[in-house]
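Here are my notes on the model you sent over, as numbered points. Have the structure open while you read.

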2 protein chains.
Amino acid sequence: MTDLTKSIGNYVVDLDGNTYLDVYCQISSLPLGYNSRALIDAASSPEMIQMLVNRPALGVQPPGLWAKTLEDAFMAVAPKGLTQVFTAMCGSCSNETAYKAAFMFHQRKKRGASSATEEDFTSCMRNAKPGSPDLAIMSFEGGFHGRLFGSLTTTHTKALHKLDIPAFSSWVHSPFPRLKYPLDKHQAENDKEEARCLAVAEEKMKNATTPIAALIVEPIQSEGGDNHASPRFFQGLRDLTKKHDILMIVDEVQTGVGPTGNFWGHEAWNLTSPPDIVTFSKKFLAAGWFHRPELRPDTSYRNFNTWLGDPVRALQAKTVLHEIQSKDLIKNVAETGAYTKNELHGIENKYPSLISAVRGRGTFLAFDLPTTEERDAFVTTLRSLGVNTGGCGARSVRLRPMLVFQKKHADVFLDAVDKAASKH
Amino acid sequence: MTDLTKSIGNYVVDLDGNTYLDVYCQISSLPLGYNSRALIDAASSPEMIQMLVNRPALGVQPPGLWAKTLEDAFMAVAPKGLTQVFTAMCGSCSNETAYKAAFMFHQRKKRGASSATEEDFTSCMRNAKPGSPDLAIMSFEGGFHGRLFGSLTTTHTKALHKLDIPAFSSWVHSPFPRLKYPLDKHQAENDKEEARCLAVAEEKMKNATTPIAALIVEPIQSEGGDNHASPRFFQGLRDLTKKHDILMIVDEVQTGVGPTGNFWGHEAWNLTSPPDIVTFSKKFLAAGWFHRPELRPDTSYRNFNTWLGDPVRALQAKTVLHEIQSKDLIKNVAETGAYTKNELHGIENKYPSLISAVRGRGTFLAFDLPTTEERDAFVTTLRSLGVNTGGCGARSVRLRPMLVFQKKHADVFLDAVDKAASKH
């Protein structure tokens, strides 16, 4: 358990008074480190007190400052082409409300100039077709998009996440590339693997018996094991979604807000047309999704709920954004990340039978151990050496530091990795 | 839009400076009124700043004060027999994580001493049986339990809530009693209606082709039109769930935390055995569910997510609870509610062709207008008379004031209702 009164910056203190360099950061959630001065100052602002004390139902009685908060916190960094934002409570419900928007859009296109029929209205009240249509969200093996019923159907990480929970059995999923490292030594193989995955994805799109309203993909499969693919793969996916009239949702819940060295992870792809929806949470402290204006429902109250997100967290997002910009934190991430990755390659070369597949962008880095057991033991050793981190996938260690992680912190981390490797 | 700097107590001020008595309260969400002194004081406490600034992943790195917060905010008012609490972000995800717990429990019972099989583990990764089983949550016509994929399947209020969204088509639903008012003049008819609904529910339980893991029911169907049933009906339901080995989930998202004149709406039923799960949100500011200890999953990380609720809102729940207890607010609700209901009966008798079916418990009151159009016009007239309220169901006006709604506020409301009725 954490002693939040003593934790500071990149360092977390437990209840026994032990200090750890925290590169796991509340599952990749803390953007500015423990007890950030900027967030402390914002915490007692009159706006924050207002929003805390008078929890508003943003869809029916928004406070006067809500429109400007949306502008300052979110629209100021909206991905190119996405001129609207929908606020939500967490990553799972961001993805799920985005799925709902995709389904509504799909059906509206299908209807064209016609209205929903009486049968549509009556059948949906019984959860029956045609009002409750059989439509799918396409996802990838190894993808993680949340753990509620719709999002869990699109999650394919660990069986224990999914076991015993009913799922939408007709929603299709497709393999995600499993690249070999180091990349420069496996270029041809990896190209082939990505081409194979694109071909399978297109086959699944063509042969889907349940129409696919949207595809969801992470810029880096995070929970699934830090699985990467090239910009060319994602451009290929975008082309397929355009060709088959499927919306493209980019899940930036873990990659968004800086850790990859871009504000949004998908910026690195240079897509020829922007994705239709980009979802966010974690490091923004607030959650939601950006979207094209065409994806607004045609009637009020269709994609709706009581709170529609939390303005307290939106005010914090504004502070996070201000800190990122005023302190050039994305540049810090890119520089510290490049340094750390380079040094990790050095450790990989020193312990080639233990550490492999050093990979990542910015400080969103990972490496593999030979087995799950060795990975788990390695994480425990790192902890005994004063570094708190976590695993992902079957045998990866992942680095998920704050945006204020600097070279001096990287050195503490690297020293611990080197020491841990020498002990294993 | 609301001017939160000027709104105070039971009165909300809009951006044009107009003041309204607010008996709708951010969709039944505000417990203590605008700019509550207690919540303002709590907003700048060191604990609140800690929790705001260092947003924790409660399942992996809980702050030291979390255990005590759970005790003080939630367990101090746990419904009888429910010794555990699971925290969540909002009403929808409270219900959905409760459904997940019910499904896991159902499958564990089914397996008995056996473990999940290799086939269970591999099939769930493909969203296929047997690992992703075809199991149902049973719900009621007119019920509202949220708008994500699982919760929306159990919601049966307005078609626009459900249209175009895929649903679990095998989840069964059953009619909820539609009582006639005044109750004392329709006793025999209403008894018959409740017996009919229980009989249909039992038929559906017996004949379900998809096994039912749990039933979910609101103490008062709120969004669905303030539909009530007698304690005997709910005792009958409890008996059926026991007989057919189905868990009973009581959705107290809107009825919980005082507005019915009990802390929990279901207390009024005097059930012979407590429900298995009680969900909450809205007036508690924080969300989650209480449950029997047997419903804990058998392994870590099964019912899990990054944030697992928001400790900021949990700290506020503690303040809400303290205010309720120190100011005897439940008693205030019961007394003000009884007075208001009695006066509404007077207005009902004065305008018998316009206003009917005055009903409710505590200040959780409603009445009907002849048509949807007349109801909508009536709500608009009330607003022009300085009262902000809302509709529910097809033709009901509902009262959802704060717990600090007193006789003097009730008089303002009653005067406006009388004036509005005289104009219609």
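1. Start with β7 (residues 247-251) and β8 (residues 277-280) of chain A: these two strands pair in the parallel sense over three bridges. Ile249(A) has Ile277(A) in β8(A) as its bridge partner. For the terms, two strands pair if DSSP finds at least two bridges between them. Helices (H or I, at least four residues) and strands (E, at least two) are DSSP runs, numbered from the N terminus.

2. A word on what you're looking at: this is a predicted model, where local features need pLDDT of at least 70, side-chain atom pairs count only at pLDDT 80 or more, and totals for chains, interfaces and linings use all residues. Residues are numbered from 1 along each chain as its sequence is written, chains are lettered from A and ligands numbered from 1 in the order in which they are written, and side-chain values use heavy atoms, with hydrogens and water left out.

3. Back to the sheet. In chain A there is an open sheet of seven strands with mixed pairing, in the order β3-β9-β8-β7-β6-β4-β5. Its edge strands are β3 (84-88) and β5 of chain A, each of which pairs on one side only.

4. Over in chain B, have a look at the open sheet of three strands, ordered β1-β2-β12, again with mixed pairing. β1 (11-13) and β12 (387-388) of chain B each have a single partner strand, so they stand at the edges with one side left without a neighbour in the sheet. β1(B) runs antiparallel to β2 (residues 19-22) of chain B, and three bridges join the two. Val13(B) sits opposite Thr19(B) of β2(B).

5. How do the two chains relate? Chain A can be laid on chain B with an RMSD of 0.0 Å by a turn of 180° and a shift of 0.0 Å along the axis. The two copies are therefore related as by a two-fold rotation axis. Both copies use the same surface, since 100% of the contact residues of chain A recur in chain B. The superposition is by least squares on the C-alpha atoms of residues with pLDDT of at least 70 in both copies.

6. Now the interface itself. Chain A and chain B each put 93 residues into the contact, meaning heavy atoms within 4.5 Å. About 8,500 Å² is buried between chain A and chain B, and carbon and sulfur atoms give 62% of that. Buried area here is the accessible area (1.4 Å probe) that two parts lose on being put together, summed over both.

7. Which contacts cross between the chains? The count between chain A and chain B is six salt bridges, each a side-chain nitrogen of Lys or Arg within 4 Å of a carboxyl oxygen of Asp or Glu. One of them links Asp164(A) to Arg302(B), with the closest N and O atoms 3.0 Å apart. On the side of chain A that touches chain B, the elements giving two or more residues include α1 (25-28), α2 (37-43), α5 (91-111) and α11 (311-326) of chain A. α5(A) gives the most, with nine residues.

8. Over all chains, the structure holds 55 salt bridges. Another to check is Asp41(A) with Arg37(A), whose closest N and O atoms are 3.2 Å apart. Asp41(A) and Arg37(A) are four residues apart in helix α2 of chain A, so about one helical turn separates them.

9. The peptide bond between Tyr181(A) and Pro182(A) is cis, with omega about -5°, and Pro182(A) lies in the loop between β5 (173-174) and α9 (187-207) of chain A. In chain B, Tyr181(B) and Pro182(B) are also joined by a cis bond, with omega near -5°. Asp226(B) isn't a glycine, yet has a positive phi of about 50°; look for Asp226(B) in the loop between β6 (212-217) and α10 (231-243) of chain B.
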